[in-house]
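Here's a quick briefing to read alongside the model. Grab a viewer and follow along, topic by topic.

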Amino acid sequence: MGFGKVLSKLLKKKAPVPTGKPQATSKSRQSERVSLEAIKNNLTDIADVKYKQIKTINGFVTLIYYESLVDTQVLHQMVVGPILRQQETVIHAAEKVGENDLNQLLDLITTGYTIIHLHQNSTFYALSTFSAENRAIQQTETESTVIGPQDAFTESLNTNLSLIKRRIANPELKNKSYELGSETKTKVAVLYLNNLVNRENLDRLCKKLEEIDYDGFMDISMLKQLIEDHPYSPFPQYNMTVRTDMAVQYLLDGRIVVVMGNSQSVIIAPTSFFELFVSTEDYYNRWMTATLLRSLRFFGFFITIILTPTYISALTYHPELLPFELLMNLQESRDRVPFPPVIEVLFIELVIEILREAGSRMPTKIGQTIGIVGGIVIGTAAVEAGLISNMLTVLVAISALLSFLPSNFLMSNTSRFIRYIFILSAGLFGLYGQMLALAWLFIHLLNLTSLGNPYLTPVIPRKWTDLLDSVVRLPLGLLQYKKGISRAKTKRIRPLDEE
Amino acid sequence: MKNLLIIFLLLSGLLFGCSGDLSPSSVEDVALVSLLGVDYVDENKMKLTLAVPQSASSSEEPNQVYSTVSGMVKEGIVDLSAQAEREIKLNGLRVVLFNEEFARSGRMREVVEHLYRNPVIGGNVYVVVVKESAEELLSGKYPSKSGIVTYLNALLKPKPHNMFSPFTTIHDFMYTQTNPVLETMTPYIEKKEDVVEITGVTVFKEKKMTDLYDRKQGQLIQLLKDVERMPAATIQLNEDRHSEQVVIDFVKNKVDYKSNGNIHQPSLSIILYLKGTIYEYKGTKNLSRSRDFSELENEIQDYFKKEVSALIEELKQNETDPIGFSENFRMHYKGEWTQELTDQVFSDLSVTVSMEMHILATGTLR
Amino acid sequence: MDNNKRKKLNGYHVVFLVQNTMVGLGLLSLPNKLNSMGYSQWWLPLLLGVIANLTLIPMIWLFLRYPTENLYTLNEKLLGKWFGKFVNLFLVLYLIIFISSIVEGYLDLILIVALPDRPITGPLIVFFLVLLYIVHGGIKSIARFSIMSFFLTIWMLIFLYWPIIEGDPRHLLPVSNFTLKEWLQASRNGYFSMVGYDLIMIYFPYIIHQKRAFLHGSIGIWITSIVYFTVTVVSVMYFSPWQMEEVVYPILKLYKAVELSFFERIDVMGISLWVFLLLSTASAYLWVGKKGLDSLRNNNKTYHLYLLAILIFVFINIPFPKDLQDILYDQIFYLKLAIILWPNVLILVHLIRPKKGRTVT
């Protein structure tokens with residue numbers, strides 16, 4: 001407790017104190033009356049702000065907008081054309097801006113509104129004309145599945161909302177809106193099904209969102225880290241996805257989905273450890289196939305973190321563990337390697353990390369080449385050169401592949417990090433060290449919470465019905481109950497934890 | 001928050017440990033002794049021979065053999081460490097060989113007990129008795145085999161076709177040595193030119209090896225010890241008149257003991273249940289006829305009854321009981337059971353053998 | 001959040017807390033401890049289970065009358081502040097010695113079997129780091145870890161298949177081949193492995209369903225007894241009388257009988273995995289010790305935990321003469337017995353106390 005607390009206090013002190021409220025410059029703005037001059041004064045040095053003066057039958061009208069956010073064609077269709085023909089229709093459609101709301105008016109301009117300034121009575125109206133280019137809805141490359149809907153979220157908040165709302169046609173689907181980031185003013189929507197969601201979960205999340213104090217967000221993953229219960233843990237405590245069906249699936253379970261503007265992924269909260277291994281495809285496959293794949297992913301996580309460490313323990317401390325023939329082979333290939341097994345494993349694991357990192361930074365075509373070159377050349381050549389044993393190449397390859405099995409990318413990153421802890425502890429104390437590391441891992445997972453709900457369900461189930469849809473996924477007809485972690489309102493079976 | 005602290009401490013601890021404490025030896029730096037041979041030198045000395053497998057890349061020879069004369073096992077190992085370029089470790093021990101003289105001298109238990117008490121040695125280490133010299137056997141050349149270590153290791157693994165041998169592990173050895181109701185048995189191997197053969201079974205009387213039985217008797221002993229799977233047996237029936245030869249593959253066997261529980265007038269009825277298929281038959285009977293078939297069954301039953309009774313007679317004559325007949329009396333006896341009681345019961349024992357033989361099929365032969 | 005509530009242990013937590021504080025180091029050497037009864041020992045764990053269950057009754061009865069008190073505060077309340085504190089101090093000292101004895105016993109074993117030729121310090125430090133991490137989470141965290149370690153280790157029982165195949169079931173007869181003295185000795189030694197359920201007196205106020213705590217505690221005791229029973233039966237079948245006497249850790253020998261083609265030497269893996277059982281036992285005891293320090297100092301400080309850990313660490317590292325240590329660890333049995341019977345004393349005090357005092361509480 002102590003050290004971390006001090007550290008977090010220090011961090012808090014050091015960080016500048018950004019408040020949601022406008023700062024010094026804006027304070028002076030507030031007192032000003034809305035006038036064309038005031039606007040111009042505030043929007044100096046912005047090249048793409050346009051002041052377009054139009055002469056209509058009722059007098060002069062000035063349109064103020066950002067050229068980069070408003071498409072000229074849209075402007076003509078929606079504003080210029082109607083104003084010239086019949087001013088009233090536009091005025092009715094638009095919102096009137098209060099006399100002293102310069103601040104709000106400026107915000108409106110920066111979010112893509114067009115301000116209509118009527119000279120004859122110096123009033124200001126705002127009309128939404130945001131029409132910047134959006135990416136089309138495309139397939140996901142990071143979480144692709146064979147079966148199931150292929151449309152993924154995009155970077156546009158409205159598109160994302162529409163993708164969800166077209167799937168749940170129900171007035172119970174609510175979305176609360178927030179504006180986060182003191183500088184970026186990013187829009188965030190919190191979606192939930194009102195008839196299912198657990199109030200406590202919702203209140204906790206909303207409170208966390210309201211308390212956020214941060215300059216700006218490039219992606220929702222930043223927001224996720226800020227609202228996690230245990231920011232120091234290596235484990236992601238909320239699920240993140242770009243798959244529309246996954247978001248909907250969890251909404252139906254009574255979870256909360258957070259969508260953010262300019263960010264492709266959405267957050268699902270709360271989430272259990274196990275759900276990071278679940279893919280929506282599990283529900284589209286037959287249940288036996290799904291069970292097989294799920295157990296592969298789940299146990300794969302544990303295998304990937306103990307496979308190479310076990311190699312170290314066996315070779316360094318417990319050679320008697322290995323079957324005789326295997327031992328002979330190992331001795332033979334280890335004979336040429338000058339390092340102790342720990343160094344050998346650390347070396348090759350780091351090489352794999354380097355390959356992966358290099359591959360992901362390159363353009364796709366070069367990336368592939370790097371992969372092949374790295375895989376074949378480094379793999380075989382390192383064995384030939386006597387840097388590593390050939391058995392280890394196999395193990396490292398398997399564990400590298402296994403680390404990509406979890407459906408959640410953050411989880412697969414975590415598994416790679418955790419593996420180093422295991423490697424070091426195996427190098428230090430063999431199997432005993434490994435078991436202690438495993439104990440640490442479990443107790444850490446047991447202590448984690450996601451929105452205050454225990455993270456390690458259903459490994460230790462909150463409800464017995466959770467087990468029907470855990471490593472084993474039973475036929476869909478049996479999966480009628482909401483998960484323990486979502487504490488949903490309907491079909492409620494008391495969580496085991498609460499009683 | 002506290003997570004960070006723990007992670008930080010763990011990591012720093014591990015890193016510190018890795019840098020400072022890490023001087024472990026890896027597999028290629030240790031000589032994992034697979035075979036240990038013990039030969040008789042004189043009353044206080046023995047000759048230790050170690051066989052260590054080595055990888056093909058480092059040497060032509062598939063294994064290294066070291067030997068030394070010493071008074072105790074540990075002392076010998078320390079001696080040998082001076083010869084070996086790698087650290088000698090007994091963690092991977094698989095077979096311990098004793099020569100016959102050593103076994104008969106009665107010091108075998110001392111050595112096995114030393115190994116049994118060593119926690120780094122596994123439980124499935126087999127104990128065998130070698131006819132002449134263990135050293136000779138270990139350092140011998142076996143051109144058709146891939147080294148003595150792999151060879152012996154494979155030879156002494158229990159498999160259905162060699163279940164006539166008791167496959168004594170060090171646990172079994174200590175168990176039978178220290179259990180008053182039964183005596184120790186071990187397999188008996190001989191080096192014949194460039195092969196090694198399990199030629200029989202040794203039986204101990206307390207600490208000393210006293211008797212040697214052949215494979216057929218070994219199989220009967222195993223049968224009486226209630227071993228489930230047995231190798232095929234060739235049976236010679238009706239030796240005097242028209243001789244018949246049957247090869248039976250035993251599918252399942254079971255033995256039941258019924259004792260009267262009286263240690264003063266001990267009597268034991270042994271019921272053997274055998275199930276088997278006939279592999280080969282040489283003789284005059286037509287096995288497709290049920291009368292001949294059941295006649296053959298009866299003949300085999302009689303044969304086994306006779307053989308078993310003869311075996312028990314021989315054991316009684318030698319006063320050794322590797323099967324543990326007296327266990328059936330111990331379980332009804334209140335008080336501490338001793339070797340004397342075993343001897344007494346075994347010498348007074350009257351045995352009735354009965355037998356149920358089922359031939360399941362006659363194979364593909366008529 | 002869950003942590004802020006005072007009552008946080010549900011039925012499952014209680015079952016496995018009771019169960020896991022009992023199974024620690026004791027199981028490793030249980031058949032050897034019961035050895036004085038020879039082959040007839042195999043049913044003794046069941047009898048010990050009955051005794052444990054009977055002694056659980058006064059504990060639960062007493063604390064149902066004081067549902068918000070733990071043993072420390074109750075001592076102070078019933079015996080007066082100073083005498084109560086004195087008893088509590090004694091309890092904390094006992095806990096320090098007890099935790100030292102199990103941790104040291106286990107690490108000695110690890111050093112012999114899995115990590116030969118190493119000093120104890122490194123493994124000990126890492127063990128303590130993990131242990132402190134568990135205790136930090138509080139009693140609920142310990143309970144959840146207990147559930148976890150139960151399921152992570154219980155599957156090891158399937159390895160008893162090999163010794164069962166090799167063993168001789170005729171050893172189980174005759175059932176009653178022992179004298180009274182032998183039986184008493186076996187029970188005394190065997191009861192070492194049964195203690196641990198008495199900690200329920202400390203975490204009782206955290207239990208949600210206190211009325212059903214007896215049921216849950218009994219289930220925990222019986223899970224332990226059945227595990228013990230299985231192990232002793234298999235040991236009796238597998239070993240000769242001499243082996244029962246000489247083999248100090250029969251479980252290791254039982255695991256050595258396992259033959260798997262892909263993994264030799266289950267015993268090394270098993271003894272390493274045992275750290276889970278040991279961590280859950282030691283963490284429960286350490287938490288109890290911390291509560292004791294808290295009550296002695298009348299406040300609740302995290303550094304009490306570190307203080308205890310350092311004391312235990314130092315205690316393990318003090319080079320006591322081996323025989324003195326053995327005597328100390330052996331004589332602790334009477335302390336354990338005293339703690340188990342202590343609630344009876346408290347009940348007596350409770351009954352003879354003037355009624356006025358009771359209504360004040």
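Of the 361 residues of chain C, 51% count as buried (20 or more other C-beta atoms within 10 Å of the residue's own; exposed means 12 or fewer, partly exposed is in between, and C-beta atoms are placed from the backbone). Bear in mind that this is a predicted model, where local features need pLDDT of at least 70 and side-chain atom pairs count only at pLDDT 80 or more, while totals for chains, interfaces and linings use all residues. As for labels, residues are numbered from 1 along each chain as its sequence is written, and chains are lettered from A and ligands numbered from 1 in the order in which they are written.

**Chain C overall**

- The secondary structure here comes to 18 helices and 0 strands, with helices (H or I, at least four residues) and strands (E, at least two) taken as DSSP runs numbered from the N terminus.
- Chain C has a radius of gyration of 21 Å, close to the 21 Å from the globule rule for 361 residues, so it is as compact as a globular protein of that length; the radius is taken over C-alpha atoms, and the rule is 2.2 Å times the number of residues to the power 0.38.
- Its C-alpha trace spans about 65 × 45 × 45 Å along the principal axes.
- Take the contacts between residues at least 6 apart in sequence: 85% of them join residues at least 24 apart, a contact being two C-beta atoms, placed from the backbone, within 7 Å.

**Phe315 in chain C**

- Phe315(C) sits in helix H16 (residues 303-317) of chain C, and it counts as partly exposed because it has 16 C-beta neighbours inside 10 Å.
- Beyond its neighbours within four places in sequence, Phe315(C) is in contact with Ile96(C) and Ser100(C).
- Ser100(C) is 215 residues away from Phe315(C) along the chain, yet their C-alpha atoms are separated by 6.8 Å.

**The sheet in chain B**

- Four strands make an open sheet in the order S11-S12-S13-S14 (chain B), with mixed pairing; two strands pair if DSSP finds at least two bridges between them.
- Strands S11 (233-237) and S14 (350-361) of chain B are at the edges with a single partner strand each, so one side of each has no neighbour in the sheet.
- From one strand to the next, the twist averages 45°, where axes are lines fitted to C-alpha atoms (for helices, over the stretch in contact) and angles run from 0 to 180 degrees between N-to-C directions.
- Helix H9 (residues 290-318) of chain B packs on this sheet and touches S11, S12, S13 and S14 of chain B, with its direction at about 145° to that of S14(B).
- S12 (residues 244-259) and S13 (residues 267-282) of chain B pair in the antiparallel sense over 14 bridges; Asn253(B) has Leu274(B) in S13(B) as its bridge partner.

**Strand S7 in chain A**

- Strand S7 (residues 186-193) of chain A has 7 of its 8 residues buried, so it is largely enclosed by the rest of the structure.
- S6 (residues 173-180) of chain A pairs with S7(A) in the antiparallel sense over 8 bridges, and Lys174(A) stands opposite Tyr192(A) in S7(A).
- There are 5 residues between S6(A) and S7(A) in their hairpin, and Gly181(A) in the turn has a positive phi of about 90°.
- S7(A) also pairs with strand S9 (residues 256-260) of chain A, in the antiparallel sense over 4 bridges; there, Leu191(A) has Val257(A) as its bridge partner.
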